[in-house]
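Visitor: I have not looked at this structure before. Could you take me through it in questions and answers?

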Amino acid sequence: MIINEVKMTENKVQTSKWKKHEIEENIGHEKYDNDIYQLQVNDFMKIFSNLHPSISLVCVCGNHDVGNIPDEKSIDQYRHNFGHDYFSFWCGGVLFLVLNSQYYTSCSNVKELSEKQDKWLTEKLNTHKGQRIIIFQHVPWFIDNIEDNKYFNIDTNLKQEMLEKMNSAGVSHVFCGHCHRNCNRYYKNLEIVTTNAIGATASEDPSGLRVVKVYENNVIHTYYPLDQLPETVG
């Protein structure tokens, strides 16, 4: 993230009437084992420590946080800085599941941790099947089509299994980042929403963020450039 843009975002959220949760991904741009990364983490903590107590900050683990091929050391460091790398919370009668998608992109060095997350996720989906469920993760399951096996998404053999599991449980949306571009795709009834970056982008869309409004029977999400963020979200 670019510090000036993060400050702009924090100031807008701070002075608005926004409620509930703000989602951040890839807390630092530098890789986790770089000295600069910890400086970026410190800046992030300093800036967002000023959020109003009514606004809950939820952090989603990304590849720059634990590495493209995570290991136990990188996971431990993330947990030390930000807390759990996967967890759940309720808000407005909706179950939100936050996943560490690096366990799906490459788990060769963290197979036990990956299996624990998958077991936890399966139990959550089975227990709350048919209820309103939304998932946050960094890497999207796919961008253009499910057969793609690019850097920006996950192996086909795994994604088909996981998408079917989520769709069958009634998950309505998976919100992602990673690609530094905006993209909306569907797997059956499951909407996969990829959001552009607050910092450098890989598309013509300017830096910004996505506002998600959760209603009783609907979810509406809109992408806003940083200089066009709404004053209120109702």
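Guide: Asp71 caps the N-terminal end of α4, with one of its side-chain oxygens 3.2 Å from the backbone nitrogen of Lys73. Such a polar contact is a pair of N or O atoms within 3.5 Å; within protein, one must be able to donate a hydrogen and the other to accept it, and residues adjacent in sequence count only if both atoms are side-chain atoms. This is a predicted model, in which local features need pLDDT of at least 70 and side-chain atom pairs pLDDT 80 or more, while totals for chains, interfaces and linings use all residues. Residues are numbered from 1 along each chain as its sequence is written, and side-chain values use heavy atoms, without hydrogens and water.

Visitor: How many helices and strands does the chain have?

Guide: Helices (H or I, at least four residues) and strands (E, at least two) are DSSP runs, numbered from the N terminus. On that basis the chain has 10 strands and seven helices.

Visitor: Which residues of α4 are buried?

Guide: Buried means under 20% relative accessible area, exposed over 50%, and partly exposed in between (1.4 Å probe, protein chains only). The buried residues fall within an arc of 130° seen down the axis of α4, so they line one face of the helix; the arc is that of the directions from the helix axis to the C-beta atoms. In α4, which spans residues 72–82, the buried ones are Ser74, Ile75, Tyr78, Asn81 and Phe82.

Visitor: Which exposed residues sit on the face of α4 turned away from its buried side?

Guide: The buried side of α4 is covered by elements including α2 (35–48), β2 (56–60) and α6 (111–127). The face turned away from that side carries the exposed residues Lys73 and His80.

Visitor: Which residues have the most contacts inside the largest nonpolar core?

Guide: A nonpolar core is a set of buried Ala, Val, Leu, Ile, Met, Phe, Trp, Tyr and Cys residues joined through side-chain atoms within 4.5 Å. The largest has 41 residues, and its largest share, five residues, comes from α2. A second, separate core of 12 residues includes Val60 and Phe136. In the largest core, the residues with the most contacts are Leu121, Trp141 and Met166.

Visitor: Leaving aside its neighbours within four places in sequence, which residues is Leu121 in contact with?

Guide: Contact means heavy atoms within 4.5 Å. With those sequence neighbours left aside, Leu121 touches Leu97, Leu99, Tyr104, Met162 and Met166.

Visitor: Is Gln137 buried or exposed?

Guide: Gln137 lies in the loop between β5 (133–136) and α7 (156–169). A polar atom of its side chain is 2.7 Å from the backbone oxygen of Val139. The relative accessible area of Gln137 is 0%, so this residue is buried.

Visitor: What is the relative accessible area of Ser203?

Guide: Ser203 is placed in the loop between β8 (190–194) and β9 (208–214). Apart from neighbours within four places in sequence, Ser203 is in contact with His180, Arg181 and Asn196. Ser203 is partly exposed, at 29%.

Visitor: How far is the nearest cysteine sulfur from that of Cys183?

Guide: A disulfide is a pair of cysteine sulfur atoms within 2.5 Å, and a search of the whole structure finds zero. Cys183 is in no disulfide; the nearest cysteine sulfur, that of Cys179, is away by 7.6 Å.
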